[in-house]
Amino acid sequence: MNILVVEDEKSISAVLKAYLQQEGFHVSTVGNGLAGLEMFKENQYDLVLLDLMLPGISGEDVCREIRKISSVPIIMLTAKVEEDDKIKGLGLGADDYIAKPFSPREVVARVRAVLRRTASATAPLADVLTYDNGLTIDNIKHQVLLDGEQVLLTPTEFRILGVIAKYPGRVYSRSQLLEIVQGHDSGAEERVIDAHIKKIRHKIERIPSDPKIVITVYGVGYKFNPQRE
Ligand code: CA
């Protein structure tokens, strides 16, 4: 497993590298955003640890650039909790956020959790799934088509849809979906899922206010309806 650490504070990146190497990861470190982006394009990484405050281009921009070309798991390192909340609201497409100061042990645990989650959310799926409701989910290209037209979903929206569509009819609770998209101890609230579902519906439902594909199961959560109604 190759991990790229983009962090300008050498003491932090050195500690992260030492801990992650001890856990068997191969770790590359880089001290600024532009060089980090170049390294990302030239090599294969399984996960990126990305500091928010970087010289040159910010972690925010690095994250956006990476998301244009890859769905690699990204964990953002933010300077303080308030910043952490603000950044979450931006919907940059990071998979997790860790506020400084953090313990290296915590980072290792979060890295493992994100890798587990992203692997379980995507790996067992068939390459391309087509449903009677008009939806096609392409897990290789990370594309969703509705009646042949491409629908642009964020990585989180793609993951939620992929999970509920994997077993049509099966009901997923908000806490299950939250664990899949944000990790167990993220402290995020379950209504975050409702917000993601709302956005997904606006993109894939023919009438978003009368959803036929992503169905609410009152008091429980959501399920995927593969049939066209
Ligand atoms: Ca920094």
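Modeller: Let us begin with the calcium ion, whose donors are spaced along the chain as D-x42-D-x1-M. Please bear in mind that this is a predicted model.

Colleague: What makes Asp8, Asp51 and Met53 the protein donors of the calcium ion?

Modeller: Asp8 (OD), Asp51 (OD) and Met53 (O) lie 2.1 to 2.3 Å from the ion. The cut-off for Ca is 3.2 Å, so these atoms count as donors. Asp8 and Asp51 link distant parts of the chain, being 43 residues apart. Asp8 belongs to the loop between β1 (2–6) and α1 (10–22), and Asp51 to strand β3 (residues 47–51).

Colleague: Why is Asp51 called buried?

Modeller: The relative accessibility of Asp51 is 2%. Buried means under 20%, and therefore Asp51 qualifies.

Colleague: Why is Asp8 described as partly exposed?

Modeller: Asp8 has a relative accessible area of 31%. Partly exposed covers values between the buried limit of 20% and the exposed limit of 50%, so the term applies to Asp8.

Colleague: Which strands form the sheet with parallel pairing, and in what order?

Modeller: This open sheet of 5 strands has the order β2-β1-β3-β4-β5. Its edge strands, β2 (26–30) and β5 (96–99), each pair on one side only.

Colleague: How do you know that β3 and strand β4 (residues 74–78) pair?

Modeller: They are joined in the parallel sense over 4 bridges. Pairing requires at least two bridges, so β3 and β4 meet the condition. Leu50, for example, has Met76 in β4 as its bridge partner.

Colleague: Why are β6 (128–130) and β9 (149–151) said to stand at the edges of their sheet?

Modeller: That open sheet has 4 strands in the order β6-β7-β8-β9, with antiparallel pairing. β6 and β9 each have a single partner strand, so one side of each is left without a neighbour in the sheet. Between β6 and strand β7 (residues 135–138) there are 3 bridges, and Val128 stands opposite Asp138 in β7.

Colleague: Why is helix α2 called roughly parallel to helix α3?

Modeller: Helix α2 (residues 33–42) and helix α3 (residues 59–69) pack at an angle of about 15°, with their axes 10 Å apart. Angles under 35 degrees count as roughly parallel, so α2 is roughly parallel to α3. The residues of α2 that meet α3 include Leu37 and Phe40, and those of α3 that meet α2 include Val62 and Ile66.

Conventions:
Residues numbered from 1 in each chain as written. Predicted model: local features only at pLDDT ≥ 70, side-chain atom pairs only at ≥ 80, totals over all residues. Heavy atoms only, no water. Donors = N, O, S within 2.8 Å, 3.2 Å for Na, K, Ca; no water. Buried < 20%, exposed > 50% of the residue type's maximum accessible area, 1.4 Å probe, protein only. Axes fitted to C-alpha atoms, helices over the stretch in contact; angles between N-to-C directions. Parallel < 35°, antiparallel > 145°, perpendicular 65-115°, else oblique. Contact = heavy atoms within 4.5 Å.
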